[in-house]
Structures are given as structure tokens and as C-alpha cells.
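Subject: Structure handover

Hello,

Here is the structure I promised to pass on. Please open it and read the notes below alongside it.

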Amino acid sequence: MNSDTRAAKPTAVPASVGWRLLALLYDAVIAIALLFTVSALSLVLMPGHKPVTPGSVGAYLVFAGIWAVFGAYAVLSWRFGGQTIGMKPWRLRVLDSEGGRPGWQPLLIRYAIASLSLGSVLLWCVFDKQKRGLHDIAAGTLMVRMLPKSAWPESPSTTRTP
């Protein structure tokens, strides 16, 4: 059978909630480093280098700063590389509905919904046929698991000649 006539094999499949949780576990290490950085910066900026008082305006500003820094890490990673550091070992990637790189607005929506729901939107992955979370549905994105390159179909440019 000619390589032009056979059906193309997929290069990715929808990512299950298990793969997503593994990626979140890896990204937690990055989040801790970011948390320490924002906390240290808040201590440097506070008069007398004292911690903020719980429930104060300063505490809410530090919390908003942490949320924004986590969001910048996630959104910038998804936008420019399609994945965060925690997603790389599991070959996970965020795509738009056409399989391309999502725009800024869908990625910001995705982060806002996922973080404000404390991740509970991931539960919908269990019921959705495409394994999308509610944040993916709202943003028009899809998280996929890339198949190993050895499983990719050969294209005419990669076919070896004897």
C-alpha cells in the first residue's frame, strides 16, 4: 500500500485527567519557587521588611501578585511553547479548536476559570468525550498528549530511500 493512500495516524490524543494531574504535580515545584520569589519581593518592599498583616490590604495585594505571577507563568508557557515545564515530560500541549496555537484571550480565560474554581473544572474531563475540562470548553482549547515521535506517520520528507 502506498504511503499516500493510507490513512494518516494521529500525532496526539486528548489528555486524560491523570496526565493533567501529573503535570500539575510537576508544576507545583515551579509554583513554590514563584511563591518564594513573590514573598521575598513583598518583604523587600514592605516598610521595615516585615510580613504583611493577615486580612490587610497588603495581604490582598500580595495574594493578587501571586495569582498574577502564576498566571503569567502558565499563560506565557502555553502561548509560546504550548506547554508548561510540568507538561513537557508527559508530552502534553494546549491547542485551540483547530489544532493551532491558542490566542491570548482564550488562554487568559482558561487560566482564570481553572484557578478561580481551584481546579474543580478538571472533573468534567471524566465525562467529556474529548476529555476537556470546563475551562477548556469555555476557552475553546483542548489539551492533548502528543504520541511519541516513533508512532508518528512518516511524511514524504521523512521517508528514507534505499
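Two strands count as paired if DSSP finds at least two bridges between them. Keep in mind that this is a predicted model.

**The strands**

Strand 1 (residues 12–14) runs antiparallel to strand 3, with three bridges. Proline 14 sits opposite valine 144 of strand 3. Strand 2 (residues 92–96) also pairs with strand 3 in the antiparallel sense, over five bridges. There, leucine 92 has arginine 145 as its bridge partner.

How many residues of strand 3 are buried? Six of the six, residues 141–146, so the strand is largely enclosed by the rest of the structure. In a regular strand the side chains alternate between the two faces of the sheet. Buried here means under 20% relative accessible area.

Helix 1 covers residues 17–45, which is 29 residues. From first C-alpha to last it reaches 40 Å, close to the expected 42 Å. Helix 1 bends by about 30° at aspartate 27. Asp27 is also one of its buried residues, along with Arg20, Ala23, Val38 and Ser42. The cover over these buried residues includes helix 2 (57–81), strand 2, helix 3 (104–116), helix 4 (134–139) and strand 3.

Helix 2 has 25 residues, which should span 36 Å at 1.5 Å a residue. Its end C-alpha atoms are 35 Å apart, which agrees. The buried residues of helix 2 include Ala59, Val62, Ile66, Tyr73 and Trp78. Gly71 and Arg79 are also among them. Helix 1, strand 2 and helix 3 are among the elements that cover the buried residues of helix 2.

**Backbone points to check**

Most residues other than glycine have a negative phi. Two other residues deserve a look.

- Arginine 91 is not a glycine, yet has a positive phi of about 60°. Arginine 91 is in the loop between helix 2 and strand 2. Its relative accessible area is 28%, so arginine 91 is partly exposed.
- Leucine 118 is not a glycine either, and has a positive phi of about 60°. Leucine 118 lies in the loop between helix 3 and helix 4. Its relative accessibility is 79%, so leucine 118 counts as exposed.

Best wishes

Definitions and conventions
Residues numbered from 1 in each chain as written. Predicted model: local features only at pLDDT ≥ 70, side-chain atom pairs only at ≥ 80, totals over all residues. Heavy atoms only, no water. Buried < 20%, exposed > 50% of the residue type's maximum accessible area, 1.4 Å probe, protein only. Helix = DSSP H or I, 4+ residues; strand = E, 2+ residues; numbered from the N terminus. Expected span 1.5 Å × (residues − 1). Bend = angle between axes of the 7 residues up to and from the residue. Contact = heavy atoms within 4.5 Å.
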